[in-house]
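Load the structure and follow along.

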Amino acid sequence: MKTLYLFGSAAPPVLEMAAIVEEGQARGWGVCLGLTPTAMRWVGTQVTELERLTGHPVRSQYKSPGEPDVWPQADAILFAPATFNTVNQWALGLTSDFVVGVVAEGIGKGIPIVTMPCVNAAYVQHPQFDRSVDTLRMAGVTVLYGEGGFVPNQPGERRPEGFPWPLALDAVGGILNG
């Protein structure tokens, strides 16, 4: 069984992680779930159920030196939703958050990584965002943003069709099942 690290940051689609874990498992993947500290707080009441679903601890913090790793090695990583803050931290190499540190290191380890931002149209006007997306793409990360990926909505607007999870899962499927 191939192992997918599913990572998310604090955007509304992170509240759908149980269904995404189940979809990944239905596709034949073992799933380990990691969250930014804020996302972990958002899903707080769901953590026990998410750990039951994955069979692994949900992580948002680095382990202490000498502690054994409780997850198997990743065959691929999906980071979705990835917020404005997360995308910029990752591209700049700012790894204070566990999940950002894993994906930053994952680039160097050659782990296939797919990310789909979840940002609004106001945030993407900041010049750093496009630079960050370009940096991640140049580093070999598949960034599902723009045409064929996540298209920003207006601040406070929710899409009736929801977050485009199928695009992200299909992109990872191409890696894990390819």
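This is a predicted model: local features need pLDDT of at least 70, side-chain atom pairs count only at pLDDT 80 or more; totals for chains, interfaces and linings use all residues.

**Strand S1 and its partners**

Let's begin with strand S1, which covers residues 2-8. Six of its seven residues are buried, so that the strand is mostly covered. S1 has two pairings to look at. With strand S2 (residues 29-35), S1 pairs in the parallel sense over seven bridges. Between S1 and S2, the chain passes through helix H1 (residues 17-26), and this β-α-β crossover is right-handed. With strand S3 (residues 76-82), the pairing of S1 is again parallel, this time over four bridges.

The table sets the two pairings side by side, with a bridge partner for each.

| Strand paired with S1 | Sense | Bridges | Example of facing residues |
|---|---|---|---|
| S2 (residues 29-35) | parallel | seven bridges | phenylalanine 7 and glycine 34 |
| S3 (residues 76-82) | parallel | four bridges | tyrosine 5 and isoleucine 77 |

**A closer look at threonine 3**

Is threonine 3 buried or exposed? Its relative accessibility is 8%, and because the cut-off for buried is under 20%, threonine 3 counts as buried. Leaving aside residues up to four places away in sequence, threonine 3 touches Gly30, Cys32, Pro72, Gln73, Ala74, Asp75, Ala76 and Leu176.

**Helix H5**

Next comes helix H5, which has twelve residues, 98-109. From its first C-alpha to its last, H5 reaches 16 Å, close to the 16 Å expected at 1.5 Å a residue. Which residues of H5 are buried? They are Phe98, Val99, Val100, Gly101, Val102, Val103 and Gly106. The cover over these buried residues includes the strands S1, S2 and S3, along with helix H4 (84-92) and strand S4 (113-117). After H5 comes glycine 110, with a positive phi near 75 degrees.

**The cysteines**

Finally, how many disulfides does the model have? The count is zero.

Terms used: Residues are numbered from 1 along each chain as its sequence is written. Side-chain values use heavy atoms; hydrogens and water are left out. Buried means under 20% relative accessible area, exposed over 50%, partly exposed in between (1.4 Å probe, protein chains only). Two strands pair if DSSP finds at least two bridges between them. A crossover is right-handed if, with the strands pointing away from the viewer, the path from the first strand over the helix to the second runs clockwise. A disulfide is a pair of cysteine sulfur atoms within 2.5 Å. The expected span of a helix is 1.5 Å times one less than its number of residues. Contact means heavy atoms within 4.5 Å.
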